[in-house]
Amino acid sequence: MAVSKLTLSSGIDQYTLINKSKTLAVMILNYGATISHILTPDKTGAIRDVALGFDNYEGYKNPSNPYFGAVIGRFANRIGKGKFTVDGKDYTLDINNGPNALHGGLEGFDKRIWTVTVLSEEPASIRLDLVSPDGDQGYPGALTISTTYTVTDKDELIVEYHATTDKETVVNITNHSYFNLSGLENSTILDHRVTMTDDVRGVLECDGDCLPTGKELSWAEAPFMCFSGEHAGTAIGARLEHVQATRGYDHPYVIHSDNKTDTTGLALRKVVNVYSPESGIELDFATTEPAFQFYTGGWIEGDLTAKKNQGEVKVGASAGFCLEASRNPDAPNQPDWRSSVLLQKDAVWAAKSVYTFHARLD
């Protein structure tokens with residue numbers, strides 16, 4: 001079967017999605033709608049698991065778990081001082097990241113049990129559903145959300161989100177998978193080479209609290225953030241002296257400024273390629289979203305251990321990178337971006353991203 005189910009413990013299930021050619025398998029938990037494993041062949045044909053995560057469900061409940069593989073909501077990334085206004089009413093959220101509210105709160109979507117429906121066997125596809133009640137983590141409105149994962153014979157993992165509300169609210173949903181394209185044969189991703197296409201037009205300037213100032217920086221203003229043109233193929237670790245304050249890259253990159261709540265009618269833009277010289281595996285990342293957070297795992301801390309198929313090595317800083325397709329951080333408090341995250345009753349918030357895996361053969 002292209003879609004199979006394994007019960008890990010009471011109420012916790014793991015679904016495996018495999019394409020027909022058996023060149024891509026993705027495992028997903030109903031806890032946090034979490035991507036736990038991504039299995040794909042390297043340049044020699046050997047299978048590697050290129051996703052950071054845990055073998056057991058209990059690992060995801062570890063307070064040190066840095067959101068490995070989870071769906072993030074109700075609002076991914078940061079909201080300054082945990083405050084925003086909707087429909088003339090002020091809302092205050094729990095502060096969990098310096099002076100900011102991060103990733104939906106103390107009990108975000110990453111810590112919920114989602115309901116799973118198998119949509120099809122070919123392609124292998126499941127939908128996970130969740131209802132976040134009015135007032136959940138301080139957010140207004142009852143939000144109904146679905147996340148759909150599909151694995152195709154083109155070695156694509158397609159991730160689609162759809163959300164509606166019964167009252168005006170703010171929404172920003174993403175997936176927080178960490179990739180190590182060597183399968184942790186190399187303990188860090190500092191040798192991974194990154195290329196961004198011309199559809200990535202710049203990076204947002206951020207203050208000391210990692211909040212955007214509202215200014216978009218060009219590559220001339222931030223050349224060490226550029227991975228296109230003459231900087232295409234630059235290794236993640238090549239310019240770390242310029243991003244020490246954030247322990248590597250942890251920055252919002254800009255694709256477009258079409259501030260729709262439903263971006264699925266927009267072009268699916270291929271924006272990033274990441275390549276591991278060690279394994280030969282590369283990842284192409286495409287999205288309809290206006291931005292993505294490029295994070296290279298500098299804040300991974302705690303006593304974390306990789307999965308058995310990754311040698312159970314210690315997992316630390318820079319062990320994986322994230323490409324978090326989303327709206328801009330702190331958008332509820334930025335007039336130019338607010339319309340992209342402000343969801344009205346009976347309207348739709350939706351987005352689509354595609355991760356494609358393949359190997360460069362020697």
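**Pockets, cavities and strands**

Analyst: The largest pocket is lined by 39 residues, and Pro66, Tyr67, Asn97, Leu102 and His103 lie nearest its centre. The model under discussion is predicted.

User: What makes a residue part of the lining of the largest pocket, and which elements supply at least two residues?

Analyst: A lining residue has an atom within 4 Å of a point of the pocket. Strand 10 (100-102) and strand 24 (291-295) each supply at least two such residues. By class, the lining of the largest pocket has 16 nonpolar, 15 polar and 8 charged residues, and about 810 Å³ of space lies in this pocket.

User: How is the second largest pocket lined?

Analyst: Its lining has 18 residues, with Cys206, Asp207, Met225, Thr246 and His251 nearest the centre. Strand 18 (202-206) and strand 21 (250-254) each give at least two residues to this lining, and strand 18 has the largest share, 4 residues. The lining divides into 10 nonpolar, 5 polar and 3 charged residues. The space in the second largest pocket is about 270 Å³.

User: Why are other spaces called cavities rather than pockets?

Analyst: In a cavity a 1.4 Å probe fits but cannot get out, whereas a pocket is an open set of points. A search of the whole structure finds 2 cavities of 30 Å³ or more. The largest cavity has a volume of about 50 Å³, and its lining includes Val159, Tyr161, Glu289 and Ser353. Strand 29 (349-359) is one of the elements that give two or more residues to this lining; strand 29 gives the most, with 3 residues.

User: What is the volume of the second largest cavity, and how is its lining divided by class?

Analyst: The second largest cavity has a volume of about 30 Å³. Its lining has 2 nonpolar, 5 polar and 4 charged residues, among them Gly73, Arg74, Phe109 and Tyr139.

User: Why are strand 19 and strand 27 said to stand at the edges of their sheet?

Analyst: The sheet is open, with 5 strands in the order 19-18-21-24-27 and antiparallel pairing. Strand 19 (212-217) and strand 27 (322-326) each have a single partner strand, so one side of each is left without a neighbour in the sheet. On average, neighbouring strands of this sheet are turned by 30° against each other, direction ignored.

User: Why is strand 3 described as largely enclosed?

Analyst: Buried means under 20% relative accessible area. In strand 3 (residues 25-29), 5 of the 5 residues are buried, so the strand is largely enclosed by the rest of the structure. Ala25, Met27 and Leu29 point one way, Val26 and Ile28 the other. In a regular strand, side chains alternate between the two faces of the sheet.

User: What joins strand 3 to strand 2 and strand 4?

Analyst: Strand 2 (residues 12-18) is joined to strand 3 by 5 bridges and runs antiparallel to it. These two strands form a hairpin with 6 residues between them, and lysine 22 in the turn has a positive phi of about 60°. Strand 3 also pairs with strand 4 (residues 35-41) in the antiparallel sense over 4 bridges. Strand 3 and strand 4 form a hairpin with 5 residues between them; glycine 32 in the turn has a positive phi of about 70°.

Technical notes. Residues are numbered from 1 along each chain as its sequence is written. This is a predicted model: local features need pLDDT of at least 70, side-chain atom pairs count only at pLDDT 80 or more; totals for chains, interfaces and linings use all residues. Side-chain values use heavy atoms; hydrogens and water are left out. On a 1 Å grid over the protein atoms alone, a cavity is a set of points where a 1.4 Å probe fits but cannot get out, and a pocket is an open set with protein on both sides within 12 Å along at least five of seven lines; lining residues have an atom within 4 Å of a point. Grid points are joined across faces, edges and corners, and a volume is the space filled by probe spheres set on the points. Ala, Val, Leu, Ile, Met, Phe, Trp, Tyr, Cys and Pro count as nonpolar, Asp, Glu, Lys and Arg as charged, and the others, Gly among them, as polar. Two strands pair if DSSP finds at least two bridges between them. Axes are lines fitted to C-alpha atoms, for helices over the stretch in contact, and angles run from 0 to 180 degrees between N-to-C directions. Buried means under 20% relative accessible area, exposed over 50%, partly exposed in between (1.4 Å probe, protein chains only).
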